[in-house]
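Please keep the sequence and the coordinates at hand while reading.

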Amino acid sequence: LLMGLATAVATLYSGKDGEESLSEEVVRSRASSGHPMLNAVPSDAALVFTGRSLSRGVRLAADSCYVFGKVLSGDSESFREFLAMVDSFSSANGLGSLKNSSFCISLHFSGKAVPLLSCRIGKSADDIPAEADSIKVLGGRKSVYVAFKQVQRSGESSFEGTCVMLASPSESLVHSAERHIDSQSSILDTKDFAAVSSRIDGDYRLFFDHNYSLRMAASLLSDAFRSSARFLNNYSSWTGIAAEKLEEGRASLSGASFSSGSASDYVNVLTSIQGGQSDAFSFFPDCSAWVSTLTLRSYSDYSKAYRTYLDASGGLKDHKYFSAVKRRTYGSNPESWADSIGIREVAVGGIPVGDSLSRTVALRVSNPSSKLVFSGDVDMRKYAGEILPSKYASYPGLLLGSLFVPSDTLALITGGWVVFGNEEALSLFRRGKEYRSVTDFITECGVSDIFRKDGAVFTSYCAMTGDRAV
């Protein structure tokens, strides 16, 4: 059941880590000493994957069943085939001294997502291992340019005075990496990257720049999954993930998002509030391709923090305008509506409908009154379990963020939840004897411990199985 399944869960917890402010030089030095090969990654990298063992890393990156294998070759199938050839060579002949060499694979955008492999191969260009020469030959067979670069020594860092192998389907990217090395500049000069890299430990780590979310989504995700990319674009500065367990068909990931403190990063809304209990994954049907949930111990605290974010990101004026339009059109102030219905949790998920994913928004509320969901003076006994149009379907997106905009304006009240979305998607939330939830699905997969019920402010889940492939 676990074959071909990769479940990625990112959870943000409120609170401070208490770490004292450090100078940029100290932070950069920590990140560099933790993984010296980062010094070979050009500063315009959108995504960086680091590892301690080249042989293991190449196997992960060449395996299309892993999330890593889907992502790390970017738009270059020839690069993935090159990595697969290196993996086969490693299995048949071994990589000698390169087997446990540290490496980085980074993605850079020049129209398309272009990968770059950087690996330490020794101390001197005059003593290059035969295995490195063999890799260069394999690169030539797949139009992957491979070069060896001697790093000049000007200090005492573990990166200086070494010889580095650079490989990419783009010769110009390899030359760019060489110029960066000569000028002693790298991705570590990006202070937010250096900060998150210095805080994430692990033998295999993945980092991505949220500013590239839209471009990465266009290159790496199917149409059905691209709709959330805009939310990620404004979420934070960098996110770092450590792969704690790498087993056949499964990767266990944990990490953190980093923001320099800018109020225009959405992550700062989440760090300023307290989370509560989440029931969303026991509510959403097991066919959900992805689910994100936000728990609210206090809606008013969230609203205040969200308005600060909108003000910093230039969206507060529009927010006020559309709130006024809703009030005039429907006779209901959105903020008053939220207070009346009592929002405790808001979740959004992609529900398969035909060949697409229907965005469905669910509110766990303390007052699931039909008068606050449907129009007119209605009888709750009559409308419970019915799917009907709602004039309030746009309120969650307005009040809580663009991530929570449903694909349609129909609504359903069931089990203390108010659900907005497409009729076919909503019908899946009617709980009968055969109802199965996301929680049921992951329990069968043997990973039921990936969700925290208490304390998490924001949790995201994405299932990438055969019928829910990214």
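Y302 counts as buried because its relative accessibility is 0%, where buried means under 20% relative accessible area, exposed means over 50% and partly exposed lies in between, with a 1.4 Å probe and protein chains only. Y306 is likewise assigned to the buried class, since its relative accessibility is 7%. Both tyrosines belong to helix α12 (residues 299-313), in which they sit four residues apart, about one turn of the helix; helices (H or I, at least four residues) and strands (E, at least two) are DSSP runs, numbered from the N terminus. This is a predicted model, in which local features need pLDDT of at least 70 and side-chain atom pairs count only at pLDDT 80 or more, while totals for chains, interfaces and linings use all residues. Residues are numbered from 1 along each chain as its sequence is written, and side-chain values use heavy atoms, with hydrogens and water left out.

A search of the whole structure returns 20 aromatic pairs, for which rings of Phe, Tyr and Trp (its six-membered ring) must have centres within 6.5 Å, planes under 30 degrees apart counting as stacked, over 60 as edge-to-face and the rest as tilted. The pair of Y302 and Y306 is stacked, because the ring centres are 5.7 Å apart and the planes stand at 15°. One aromatic cluster is formed by Y235, Y266, Y302, Y306, Y309 and F458.

The table sets out the two pairs described here.

| Pair | Centre distance | Plane angle | Class |
|---|---|---|---|
| Y302 and Y306 | 5.7 Å | 15° | stacked |
| Y321 and F322 | 5.2 Å | 70° | edge-to-face |

Strand β10 (residues 290-295) runs antiparallel to β16 and is joined to it by five bridges, two strands being paired if DSSP finds at least two bridges between them.

How many disulfides does a search of the whole structure find? The search finds zero disulfides, a disulfide being a pair of cysteine sulfur atoms within 2.5 Å. For C104, which is in no disulfide, the nearest cysteine sulfur is that of C119, 9.4 Å away. C104 counts as buried because its relative accessibility is 0%, whereas C287 is partly exposed, with a relative accessible area of 24%.

S53 is placed in the loop between β2 (47-51) and α2 (54-62), and it counts as buried because its relative accessibility is 10%. A polar atom of the S53 side chain lies 3.0 Å from the backbone oxygen of K99. Leaving aside residues up to four places away in sequence, S53 touches K99, N100, S101, F103 and Y204, contact meaning heavy atoms within 4.5 Å. S282, by comparison, is found in helix α11 (residues 280-283) and is partly exposed, with a relative accessible area of 33%. The side chain of S282 makes a polar contact of 3.2 Å with the side chain of T439, and the C-alpha atoms of S282 and F441 are separated by 9.8 Å although these residues are 159 residues apart along the chain.

Backbone torsions deserve a brief check. S143, in the loop between α5 (130-141) and β5 (145-150), has phi near 60°, a positive value in a residue other than glycine, and S143 is exposed, with a relative accessible area of 59%. Q184, in the loop between α6 (171-182) and α7 (191-199), has phi near 55°, again a positive value in a residue other than glycine.

At the level of the whole protein, there are 18 helices and 16 strands, and 53% of the 470 residues count as buried. Among contacts between residues at least 6 apart in sequence, 70% join residues at least 24 apart.

Terms used
A polar contact is a pair of N or O atoms within 3.5 Å; within protein, one must be able to donate a hydrogen and the other to accept it, and residues adjacent in sequence count only if both atoms are side-chain atoms.
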